[in-house]
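Reader: I'm new to this structure and would like a close look at a single part of it. Please walk me through one spot slowly, and then show me some of the surrounding architecture.

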Amino acid sequence: MKIVCVIDDDPIFVLTVVKLIQIENFCDKVVVYKNGAEAITGINACLNSGGELPCIILLDINMPVMNGWEFLEKFIEIPDHTIVDLFISTSSINRSDVTKSKKYKIIKDYLVKPITSKILRELSKK
Amino acid sequence: MDYEDKRIEELLSYQILNSSTEDELDDITEMASLICDFPISLITLLDDKVQWIKSKKGIEIENNDVKDSFCKHTLDKPDDIFVVENAAIDPLFKDNPIVQNSPNINFYAGVPLVSKNGFVLGTLCVLDHKPRTITENQKKTLQILAKKAMQFLTTRKLLLNQRNEINTNALRLKKLTDNVPGGIFQLKMAIDGSLSFEFISKGMLKLHPSVTMEQWMENPEIGFSLIHPNDLDDFKIKLMESFEKLTLLSIKYRVKKGKSYVWHLMKGNPERMHDGSVIWYGNFQNINDRVEYEIAMEQIAFDISHVLRRPIANLIGLTELLDKKYTFTDNQILEYVGYIKTVSLEMETFTRDLDEIYRLKKEKITGYGKDFYNKRLK
């Protein structure tokens with residue numbers, strides 16, 4: 001099953017991107033978390049109950065409770081995490097964020113919002 | 001200005017009237033006496049009132065009134081030697097006090113001392129108590145000696161002017177360095193790593209009110225105790241790096257000022273000495289406003305890239321969804337329009353707040369309130 005996981009605190013972004021994923025028939029299932037902490041708990045709970053890791057994660061950077069960078073530190077502790085295609089999805093065009101993202105091997109690409117249908121289609125090719 | 005005024009001005013420019021005796025001039029009068037065989041020899045300089053005796057040989061005589069002098073008769077004849085062979089019978093001089101009374105002068109021969117601009121400043125003269133004559137060779141000798149005396153006066157004037165200029169320049173330089181904002185320094189590091197200030201300007205007192213100039217001169221390392229502990233290692237590393245590789249010194253660091261810390265910048269140009277030591281020429285300055293400004297600019301950039309871009313991205317996302325190639329029910333469309341409105345209002349509030357936030361930042365950095373700018377705009 002193809003699962004896409006969206007970790008973002010902005011409800012309007014989540015709403016539009018989920019809608020877009022559905023319209024584009026991009027995957028079988030979308031899971032949404034409001035911040036890094038919820039995501040780590042959710043993913044671990046899913047794995048413990050025999051579920052599988054998502055194929056794609058869209059990760060925001062600036063979030064309350066646990067931000068994107070902090071989430072990444074936890075996420076790489078999960079065995080098999082490398083099978084996930086993780087994308088940073090943020091509205092930040094801050095250079096230091098872009099530079100920082102290059103230090104993580106797990107990050108496949110740095111996507112600047114808005115996420116359009118064109119970007120979504122290209123994601124599946126990567 | 002007539003000829004006499006110009007002559008006096010020229011004479012004064014030699015700065016010699018009130019000065020003490022000069023060995024070089026004494027040698028010349030001595031030679032004039034010995035070579036030409038006259039008991040008395042003088043070098044005199046004449047202003048409008050006084051005949052100044054700059055050197056005397058064979059006579060005790062003080063500066064005297066110019067109107068009684070023999071020498072005044074040379075002033076308008078720069079090319080001639082003025083000779084009086086027997087003053088006692090000369091209608092011009094027979095009533096002169098120095099002829100009538102002691103020292104009872106009877107013979108006078110004066111060679112004018114002529115400046116480069118052609119003014120007679122005074123004379124080299126020989127005198128005798130008895131009437132006599134002077135030979136052509138004696139005249140020639142006196143002319144050569146007068147030329148020597150004039151050369152000495154010219155050189156002396158040149159040296160004095162140069163010294164004055166150096167003094168003026170040194171004074172000006174000191175005033176400049178003392179009044180430049182920040183501290184100008186010449187800092188030396190010996191090969192054993194010990195530091196010493198070869199020069200430091202008074203601006204340091206303003207930068208570090210708790211340290212006296214004497215303390216800085218005694219031990220520059222007193223500065224280390226003022227630097228923020230988190231910046232001290234970096235400071236020392238950069239100083240050593242500049243010492244070893246002669247890289248330009250440019251260190252940003254925080255120093256204690258009262259209870260808080262302010263940002264300072266040290267800049268210096270290193271130069272290696274023969275003994276292996278390094279001397280930096282540079283300055284310390286307070287860059288706190290600049291750093292606060294940089295932080296504010298970064299904050300603005302951050303606000304724009306993070307906060308403002310988020311609703312913009314959402315707006316684009318929403319309108320992309322509403323693109324005509326998808327089909328939505330009327331209710332769905334209404335829902336999305338509602339979101340667009342929410343996002344627009346979010347942007348409206350943010351941009352409204354921005355103005356206020358940046359105004360407060362600007363006030364904090366510059367120390368000037370709203371009134372200051374309003375007044376300037378009027």
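Author: Let's start with B:Tyr108 and its neighbours. Leaving out residues up to four places away in sequence, B:Tyr108 touches B:Phe70, B:Cys71, B:Thr74, B:Phe82, B:Val83, B:Val84, B:Thr123, B:Cys125, B:Val126 and B:Leu127 (contact means heavy atoms within 4.5 Å). This is a predicted model, in which local features need pLDDT of at least 70 and side-chain atom pairs count only at pLDDT 80 or more, while totals for chains, interfaces and linings use all residues; side-chain values use heavy atoms, without hydrogens or water. Residues are numbered from 1 along each chain as its sequence is written, with chains lettered from A and ligands numbered from 1 in the order in which they are written.

B:Tyr108 sits in strand β5 (residues 107–114) of chain B (helices, H or I, of at least four residues and strands, E, of at least two are DSSP runs, numbered from the N terminus). With a relative accessible area of 1%, B:Tyr108 is buried (buried is under 20%, exposed over 50%, partly exposed in between, with a 1.4 Å probe and protein chains only). B:Ser41 is 67 residues away along the chain, yet its C-alpha atom and that of B:Tyr108 are 9.7 Å apart.

Now hop over to chain A. Its five strands make an open sheet, ordered β2-β1-β3-β4-β5, with parallel pairing (two strands pair if DSSP finds at least two bridges between them). At the edges are β2 and β5 (107–112) of chain A, each pairing on one side only. From one strand to the next, the twist averages 20° (axes are lines fitted to C-alpha atoms, for helices over the stretch in contact, and angles run from 0 to 180 degrees between N-to-C directions). Helix α2 (residues 36–48) of chain A packs on this sheet, touching β1, β2 and β3 of chain A, and its direction makes about 130° with that of β2(A).

Strand β1 (residues 3–7) of chain A has five of its five residues buried. A:Ile3, A:Cys5 and A:Ile7 lie on one side, with A:Val4 and A:Val6 on the other. Take A:Val4: its bridge partner in β2(A) is A:Val30, and in β3(A) it is A:Ile56. Five bridges join β1(A) to β2 (residues 29–33), and four link β1(A) to β3 (residues 56–59).
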